Amino acid sequence: MKRIAIITLLFIPLLAVAKPGYKITLHVDGCKDSAVLMGYYMAEERYVVDTAYNNGRGKFVFKGDEELLPGLYFFTNNVDRFVEFAVYNEKPNFTFRTDHRNWTTNMTVKGSYQNEVLYSYQRASDHFYKEMLAAKNSMDSADFAVALKRITESMDSLRLALYNDHPDAMVAKMIHATTVVEDEVPTTHPDGTPLSQRERYDYLMAHYFDYMPLDDNFIIRTPKEIFFRHYNDYTDKYMRGLPPDKICPLLDTIIDRAEPAPEVYRWLINNLTEKYLQSNIMVYDEVYVHLVLRYFATGKVTWLSPSAIDMNVERATKWERLLVGREAPELILFDTLRRAHSLHHMPGSYTLLLFWSPTCGHCREVIPALYKVFNEVADSLDMTAFAILTEPDEGTLVKWKKFLADHDMTNPRWVNLNGAEANVDWREVYDVETTPQVYLVSNKDHRFLAKKLNAQLLSEICKTLK
């Protein structure tokens, strides 16, 4: 008895572990296609995950050992047939049957409640869509407007019934997520007094994702109209122009809401971190720093390699010292005549700090344009320049001096400095990985006023300094 009990105990865990994988069978009556593709949505893209071949009688079997993550998937012959299906809270062991003439309208399914609800809703929606087209083709504009209002109301009732009757269905959550929050922003306070434009904006930003199930992994594997476009409008349209101290708490709110859904959580952190890392808006590196120090440096990012995490944390730590408003680290370097110059002791009111090299193609375009603007404003703004050669090898030194002569960069306020010797490793302190890098520093308190400057931005900023 003891031996049997031990064997049983060893065997139970093996039975308890559910294997991932899928087996999905698609029957397409009358289908002549040799192959059908199976894929899924991800943010704004579609990806193929498997291919099945016709057994000669319109049967296609998709089978794999890997897990199909929750979301909206599709079958297509990659020519003129396409139909979607759901993978959500069910083991993907489904059997679909349809007709080659219309894959969606004629689709039936066995073994999936989620897809039964999906196809029932799609057929009802298709009925209203056909009714709308018929009305448009047979009525004058006045009658069509009346018919369209009735059909729209019926569609709204259908969506509401779907959500009320099947709140656990993925299609119901998808449709609910498309609710237009902008249409629900109130115009008045409860007492009837009008809301200001700012109050309406704050309401929109606070409630923008009320209908979006950010805590459910399926949401990022939906067509772009469901999630990605909604997310993109929020970050690119409604956040546009906001300062970092307003952006960071808004982003934290949606990221933290997504934490119960590891796929969404990971996608949001990855996407937002990369977005603000690549931003050319001078103050938005503060958002990147915030995201890295809040999520990467605290152990919340577990899906990247330790080296990738360390690289981001190290970069963010450097960038934190270089944010607009922070004090510029002291630099002491030598000019072409071996005279020492200190960044913190430059004369005048402002200093343009540049890291560049004549071997850099972008520098050869940007630096002369910057020099032109500098010449126009240097005297009136009492501005100087602290221009550091970033590649001070013997060959580049020759090109550097020739470049300065060719572009007549002789303004005594523009100080050209050899980066070979300095009080600190300026490449490390200022994180100079690419060139040109351009800052504007206040000589009064040595703080950064602006960064990531080109000629146009410098010209615009100088107008505000007059």
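Trainee: Which residues are linked with E314 in a network of salt bridges?

Mentor: Good place to begin! This is a predicted model, where local features need pLDDT of at least 70 and side-chain atom pairs count only at pLDDT 80 or more, while totals for chains, interfaces and linings use all residues. Residues are numbered from 1 along each chain as its sequence is written, and side-chain values use heavy atoms, with hydrogens and water left out. A salt bridge needs a side-chain nitrogen of Lys or Arg within 4 Å of a carboxyl oxygen of Asp or Glu. In this network E314 is linked with K318, E428 and D431.

Trainee: How many salt bridges does the structure hold?

Mentor: One of them joins D216 to K173, with the closest N and O atoms 3.5 Å apart. That pair links distant parts of the chain, since D216 sits in the loop between α5 and α6 and K173 in helix α4 (residues 170-177), 43 residues apart. Helices here are DSSP runs of H or I with at least four residues, strands are runs of E with at least two, and both are numbered from the N terminus. For the structure, the count of salt bridges is 26.

Trainee: Is D216 buried or exposed?

Mentor: The cut-offs, found with a 1.4 Å probe on protein chains only, are under 20% relative accessible area for buried, over 50% for exposed, and partly exposed in between. D216 has a relative accessible area of 15%, so D216 is buried.

Trainee: What about the salt bridge of D335 and R339: is R339 buried or partly exposed?

Mentor: The two side chains meet at 2.9 Å, N to O. D335 has a relative accessible area of 7% and is therefore buried. R339 has 48% relative accessibility, so R339 counts as partly exposed.

Trainee: How far apart are the closest N and O atoms of E421 and R338?

Mentor: E421 lies in strand β13 (residues 414-422) and R338 in the loop between β9 (332-335) and β10 (340-342), 83 residues apart. With 39% relative accessibility, E421 counts as partly exposed. The closest N and O atoms of this salt bridge are 2.5 Å apart.

Trainee: Why does the span of helix α7 agree with its number of residues?

Mentor: The expected span is 1.5 Å times one less than the number of residues. Helix α7 (residues 244-257) has 14 residues, so the helix should span 20 Å. Its buried residues include P244, I247 and L251, and what covers the buried residues of α7 includes α5, α6, α8 and α9. The span agrees because the end C-alpha atoms of α7 are 20 Å apart.

Trainee: What separates the C-alpha atoms of L354 and I367?

Mentor: L354 is found in strand β11 (residues 350-356) and, at 0% relative accessibility, counts as buried. Contact means heavy atoms within 4.5 Å, and L354 touches I367 and W414, among others. L354 and I367 are 13 residues apart along the chain, and their C-alpha atoms are separated by 8.8 Å.

Trainee: How many aromatic pairs are there?

Mentor: Rings of Phe, Tyr and Trp (its six-membered ring) pair if their centres lie within 6.5 Å, with planes under 30 degrees apart counted as stacked, over 60 as edge-to-face and the rest as tilted. By this rule the count comes to 33.

Trainee: Which kind of pair do F227 and W267 form?

Mentor: F227 lies in the loop between α5 and α6 and W267 in helix α8, so the pair ties together parts that are 40 residues apart in sequence. F227 is buried at 1% relative accessible area, and W267 counts as buried at 14%. With 5.5 Å centre to centre and 70 degrees between the planes, the pair is edge-to-face.

Technical notes: Lists of a residue's contacts leave out its neighbours within four places in sequence.
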